[in-house]
Amino acid sequence: MSKSQEQIPVEKTSQKTVIDNADFIVEELTEFDEFHFSTIAEEGSWKREILRKFARKNIIVSLRTEKYDIGNGNHAYRKIWQLKADALRMAEDVVENRNPILPCGHSGFRNLRDGPFECHYRGCSRQFERADGEFVEVIE
Ligand SMILES: [Zn+2]
């Protein structure tokens with residue numbers, strides 16, 4: 001029996017994209033067994049860019065096309081997607097086994113020009129300062 005698309009492992013050249021976006025996968029995609037892009041992200045948002053990249057790199061696979069109502073008796077079509085099981089496993093592994101350096105649970109930050117550190121994950125972006133060797137959240 002042939003494997004379904006969803007069961008085919010993530011290609012080697014796509015693995016870095018999964019690892020770089022592990023937080024996005026775990027926080028945004030795990031609650032949906034299948035989805036269309038607007039379930040996850042508004043048109044034009046950074047999340048859409050990630051979904052398009054996932055599609056190009058076969059990290060999410062298109063299951064079927066769905067017809068839907070756009071009002072006034074008109075219809076349009078959209079693709080229904082599913083995250084590859086392998087991508088989910090990899091992302092969960094990254095998130096569970098890393099050593100988070102920020103109190104928000106993510107790792108990786110960028111240093112803002114005038115001092116604070118901002119969490120690198122765009123879905124979070126909380127800011128921290130160092131105090132006595134620890135990160136303390138900056139509350140505005
Ligand atoms: Zn964070």
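Leaving aside neighbours within four places in sequence, Ala 87 is in contact with Val 10, Val 18, Ile 25 and Ile 59, where contact requires C-beta atoms, placed from the backbone, to lie within 7 Å. The model is predicted: local features need pLDDT of at least 70, side-chain atom pairs count only at pLDDT 80 or more, and totals for chains, interfaces and linings use all residues. Residues are numbered from 1 along each chain as its sequence is written.

Ala 87 also belongs to the largest nonpolar core, which has 18 residues; Val 18, Ile 25, Ile 59, Ile 60, Ala 87 and Ala 91 touch the most other members. Such a core is a set of buried Ala, Val, Leu, Ile, Met, Phe, Trp, Tyr and Cys residues joined through C-beta atoms within 7 Å. A residue is buried if 20 or more other C-beta atoms lie within 10 Å of its own, exposed if 12 or fewer, and partly exposed in between. At least two residues of this core come from each of H2, H4, S1, S2 and H5, and H2 gives the largest share, four residues. Helices (H or I, at least four residues) and strands (E, at least two) are DSSP runs, numbered from the N terminus.

| Element | Residues |
|---|---|
| helix H4 | 46–56 |
| strand S1 | 60–71 |
| strand S2 | 74–83 |

The axes of helix H2 (residues 22–29) and helix H5 (residues 85–97) come within 8 Å and cross at roughly 110°. H2 is therefore roughly perpendicular to H5, a term for angles of 65 to 115 degrees. H2 contributes Ala 22, Asp 23, Ile 25 and Val 26 to the contact, and H5 contributes Ala 87, Leu 88, Ala 91, Glu 92, Val 94 and Val 95. Eight of these residues are nonpolar, none polar and two charged.

A separate topic is the open sheet of four strands, ordered S3-S4-S5-S6 with antiparallel pairing; strands pair if DSSP finds at least two bridges between them. Strand S3 (109–111) and strand S6 (134–137) are the edge strands, each pairing on one side only. From one strand to the next, the twist averages 40°. Strand S5 (residues 127–131) and S6 run antiparallel and are joined by four bridges, and Phe 128 stands opposite Glu 137 in S6.

Phe 135 lies in strand S6. Phe 135 counts as partly exposed because 19 C-beta neighbours lie inside 10 Å. Residues up to four places away in sequence aside, Phe 135 touches Leu 102, Pro 103, Phe 117, Phe 128 and Arg 130. Its C-alpha atom is separated by 8.2 Å from that of Ile 101, 34 residues apart along the chain.

Key: Axes are lines fitted to C-alpha atoms, for helices over the stretch in contact, and angles run from 0 to 180 degrees between N-to-C directions. Angles under 35 degrees count as roughly parallel, over 145 as roughly antiparallel, 65 to 115 as roughly perpendicular and the rest as oblique. Two residues are in contact if their C-beta atoms, placed from the backbone, lie within 7 Å. Ala, Val, Leu, Ile, Met, Phe, Trp, Tyr, Cys and Pro count as nonpolar, Asp, Glu, Lys and Arg as charged, and the others, Gly among them, as polar.
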